Amino acid sequence: MKNIIILLCLATGLLSSCKKENQSKALTLNTWRIDEKTQGHDASIVYSQVSGTFSTQGYQLLEMHGDDVAQPMLNHCWLKIYINTIGPPPTGEYKIVPYNKLATVSNAVCIQTVQNSNTTSDTYREANEGQTAHILLENGNINIQFDNINIAVKDRPDDKSTLSVNLRK
């Protein structure tokens, strides 16, 4: 009987720790996370918005600048989401395409990031083609939320990265 009680306590402890881990992955509003697996290490960096704009510059452009939550002012990121629509983007799923194909695909989106830290050179990434991102336009606000979109590091094809976003502007 004692063995059964101990096993139940262990199982309960494992379940609660799993729930905590899943909750820590949830992004608060106006943050984005880059998870990367490189040959040397795995990293996960969450950026919190410092500034952001939504404008028309050839395409609808949502551009956000953020700082690393863990070490503000040491690691910066610029997130650019180009949306190929006429007028305000309608709510729906958008095809992800590279920037050089954006003009030829309607209801498409290009997602780019530029990371800058004081210790390394800038890292440029672009979301891989063929994925989708959900965009919601409601009451004058644009909302973009997605998890684990694959993004490629320019000039480093072996590095694997994903991008998760919870933005409203």
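Is Arg125 buried or exposed? I found Arg125 buried, because its relative accessible area is 3%; buried means under 20% relative accessible area, exposed over 50%, and partly exposed in between (1.4 Å probe, protein chains only).

Before going on, a note on the ground rules. I am working with a predicted model, where local features need pLDDT of at least 70, side-chain atom pairs count only at pLDDT 80 or more, and totals for chains, interfaces and linings use all residues. Residues are numbered from 1 along each chain as its sequence is written, and side-chain values use heavy atoms, with hydrogens and water left out.

**Entry: Arg125.** I placed Arg125 in strand 7, residues 123-127 (strands are DSSP runs of E, at least two residues, and helices are runs of H or I, at least four, numbered from the N terminus). Its side chain makes a polar contact with the side chain of Ser161 at 3.2 Å. For a polar contact I need a pair of N or O atoms within 3.5 Å; within protein, one must be able to donate a hydrogen and the other to accept it, and residues adjacent in sequence count only if both atoms are side-chain atoms. Beyond four places in sequence, Arg125 is in contact (heavy atoms within 4.5 Å) with residues including Ile34, Glu36, Ile111 and Val153.

**Entry: the cores.** Next I followed Ile111. In the largest nonpolar core, of 25 residues, Ile111 is among the five that touch the most other members, along with Trp32, Leu79, Ile81 and Leu163. Strand 9 (residues 141-153) gives the most to this core, with five residues. Another core lies apart from it, with seven residues, among them Tyr59 and Cys110. By nonpolar core I mean a set of buried Ala, Val, Leu, Ile, Met, Phe, Trp, Tyr and Cys residues joined through side-chain atoms within 4.5 Å.

**Entry: salt bridges.** How many salt bridges does a search of the whole structure find? I got five, a salt bridge being a side-chain nitrogen of Lys or Arg within 4 Å of a carboxyl oxygen of Asp or Glu. Asp35 and Arg33 meet in one at 3.0 Å, N to O, and both residues are buried. Glu63 and Lys80 meet in another at 3.8 Å; this pair links strand 3 (residues 59-68) to strand 4 (residues 75-84), 17 residues apart. Glu63 counts as partly exposed because its relative accessibility is 24%, and Lys80 is partly exposed with a relative accessible area of 25%.
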